[in-house]
Amino acid sequence: MRFHIEVEHPERCIGCYSCLYACSRHLYSVVDPTRVAVFVRVNKSLENPFNIIACRFCAAPECALACPQGALETLPEGGVTLTPSKCAGCKNFDCIEACMLGALVLDRRARIPVICDRCGDCAKFCPHDIFRYEEMKT
Amino acid sequence: MSSRLRRVLHIDLAEKESRVDERPELFDTYLGGAGVASKLLEEECPPRVDPFSPESPVIFAVGPFTGLLPSMVKTVAMFKSPLTGNLGESHCGGHFATALRFAGFGALVVKGAADGPSLVLIEDSEVRVKAASSLWGLSPLQVEKSLRSADQEGMESVASIGIAGENGVYYSGLIADRYHHFGRLGLGAVMGAKKLKAIRIHGTGEVALERPTEFKEFYEQIHRRIVQTEEMRKYHDLGTPINVMMLNELGALPTKNFTQPRFERAEGISGERFLETLLERKISCPGCPVGCIHLGGLRTSFSPEHELGRREAFEELELVPYNYEPIFALGSNLEIGDASSVLRLIAQCERLGMDAIMTGSVLAWLTEAVEKGLIPRQEIGELEPRWGDAPTYSKIMENIALTKNQFYKRLALGTAAAAEKYGGKDFAVSIGKNSPAGYATGYGFVVGTLVGARHSHLSNMGYSIDQKAVKSNLSLEQIVEKIADEEDWLYVYYSLVGCYFARGVYDEETIVKALALIGLPKAGGSLRGLGNEIFQRLYRFKVREGFNLGKEEIPKRMTEIETPYGRLDQGKLREMVQHYIRLRERQGLRLRREDEALTELLSPTAKT
């Protein structure tokens, strides 16, 4: 069963970072504001509204197309899966540069990109229902 | 990286140098926040130091749950207060705590003085002290906009003083991340004396979870309690301004320099009115899903010739944080009855970087002193303060921040110091030289503020004990005992460092469980003992610096205002303080300066 996550109401964000903390807890069992697949972007000053960015699960993702190693593969339902063994050793990280939304970052410790596994914890911990999280229709 | 705090960053502004001390035992014993800061203050602050001298330290500390648990979001600052001459302690939300922790530090100690305007930049382990003349004179809001990165991974915080801090106003603060304040007791002036305009911290580290599965479950329980139960509803709906109408109905809303407990125009400055007419946005501290920071919109037309039909299209919009205390201090206490005028005065405090509660207290005293003819006409000049006259108050505030002449320099020292010079001590509403918060609730509030280590309503919840005491007929002794108990316990909570608003969620059992989950097992009883130890250390500091609780006076005005108990009796207030002194002395604390003086005299190292 696959789930879809959509950032539906970024304008509701109050900057509580609950999504971001939940994401790093889930993916790495740590709290690390840099190793996440969901981002609270501060637009230069806290006077400006926050923006929330997460993977859009593109049908033909540029990140996968940019990967010379074939480490990122497109999933039939959209989005990508990563084979870390193929990724290791890359120094260019074209995948990160390829995502124009900026939804992909590098896990600077493991030197591989952080991939959303659609656990839905960002949606679960958001107090303002910014995310839509639902089962995908087959 | 370990899940526990251990590193203290020391910065010397004069030498432009820094070092890191590994102090795991310090954090394991005193948790963090107030506990760790109290120990560092003891180590770093020389006795009887001039708060504005280079040797006077500024200390910041975060807690073991910073970044880990909901609402554990604050940073504790400790320093020697120029306002009271003893303990300076102020707590602030925003991004400061998480940025410092993810940069790898549990505490930060700043000493020395720079030779010109400076900025401290902390990028994880890389620390720089940079000359920053271009920032001097800017408002903390301009500094935030100028220094924050466009888009950066990790957590970033920008904290800055305003011109009030640059000019040594005794109640100037440090504003972090635009909307959060180390507001009380003059941290801004201490930084200003060091020529330290701002601190920017960027942290990209991580905090490991020792028992991840259990921790995640625990986190979820706390998160649910905060988001889904009634416990914290008041903070995310109307916010603390809900108190305006509540206290007005109770007859405990200080009005017109604490002469009345009710304000005729309370509705005009109520939380409801702010919400309906001014609220634009709400924001949170990172790690707290509540969103208690209410931002009101202040609209100002900047160019009359552009007003072509649609005036609002040519207005600048300024977002100003509001909550109950500034609304009382700059609203009811100055007889200002409309929300937008109050918001304008709050905005002025933000721009200048001044504590709103003390600013309101000084203005209220000044208005009454002028009415009573205590201030020579030539000193007041053009700006005659009148109840309800917000524009004049705003100009006076600016003159205070600029310390424009001898008169405003005196006002910049606080209410007690102003009354010392001009008279009017009876109505100088100042307790322990700090200005009390907005609760004319009675004995618990007055005594709690006086005996509290930092003379704050958040020291020991005296105002809240009052509301229970009136209902359940607590004796005055019982109130005193509750005050002492609360303060000990809150020093545990302030070591963690939790937000005061979430104190109900983190009861003793919850805290014991949470500490075990990060590998810091403590028994409930030992925690209370620790709270008492921290309190005692802070009081020893106060007494050492000259504070004498037995000799502190409670201004007459506090006994003239009607409270839910009726008028307070000066004799009973004194008895309560004496009861408190005996209670604390039984716990082994020396509160009398005579003892200290004698010890000093007999000590071979005594200064002559």
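Predicted model: local features only at pLDDT ≥ 70, side-chain atom pairs only at ≥ 80, totals over all residues.
**Entry 1: domains of chain B**

I began with the division of chain B. The assignment gives domain 1 (7-203), domain 2 (238-427) and domain 3 (443-602). I then looked up domain 1 against domain 2. Their C-alpha centres lie 26 Å apart in chain B. Domain 1 of chain B puts 31 residues into the contact, and domain 2 of chain B puts in 25 residues. On the domain 1 side, helix 4, strand 9 (155-161) and helix 5 (163-166) of chain B each supply at least two residues.

**Entry 2: chain B against chain A**

Next I turned to the chain contact. Chain B contributes 32 residues and chain A contributes 23 residues. On the chain B side, at least two residues each come from helix 4 (140-147), strand 13 (207-208), helix 7 (212-228) and strand 14 (279-283). Helix 7 of chain B gives the most, with four residues. I sorted this side of chain B too, and found 15 nonpolar, seven polar and 10 charged residues.

Strand 2 (residues 30-31) of chain A pairs with strand 13 of chain B in the antiparallel sense, over two bridges. Val31(A) stands opposite Val207(B) of that strand.

**Entry 3: helix 2 and helix 22 of chain B**

I looked up one helix pair. Helix 2 (residues 33-44) and helix 22 (residues 524-544) of chain B pack at an angle of about 35°, and their axes are 10 Å apart. The crossing of these two chain B helices is left-handed. From helix 2 of chain B, the contact uses Ala34(B), Gly35(B), Ser38(B), Leu41(B) and Glu42(B). Helix 22 of chain B answers with Leu530(B), Ile534(B), Arg537(B), Leu538(B) and Phe541(B). I sorted the contact by class: six residues are nonpolar, two are polar and two are charged.

**Entry 4: helix 18 of chain B**

Last, I checked burial. Is helix 18 (residues 443-451) of chain B buried or exposed? Nine of its nine residues are buried, so helix 18 of chain B is largely enclosed by the rest of the structure. Among the buried residues I noted Tyr443(B), Phe445(B), Thr449(B) and Leu450(B). Gly444(B) and Gly448(B) are buried as well. I then asked what the buried residues of helix 18 of chain B pack against. Their partners are helix 19 (462-472), helix 20 (476-493) and helix 23 (570-586) of chain B.

Definitions and conventions. Residues numbered from 1 in each chain as written. Chains lettered and ligands numbered in written order. Axes fitted to C-alpha atoms, helices over the stretch in contact; angles between N-to-C directions. Left-handed = near helix turned anticlockwise from the far one by under 90°. Contact = placed C-beta atoms within 7 Å. Nonpolar A, V, L, I, M, F, W, Y, C, P; charged D, E, K, R; others polar. Pairing = 2+ DSSP bridges. Buried ≥ 20, exposed ≤ 12 C-beta atoms within 10 Å, placed from the backbone. Domains from an automatic or database assignment.
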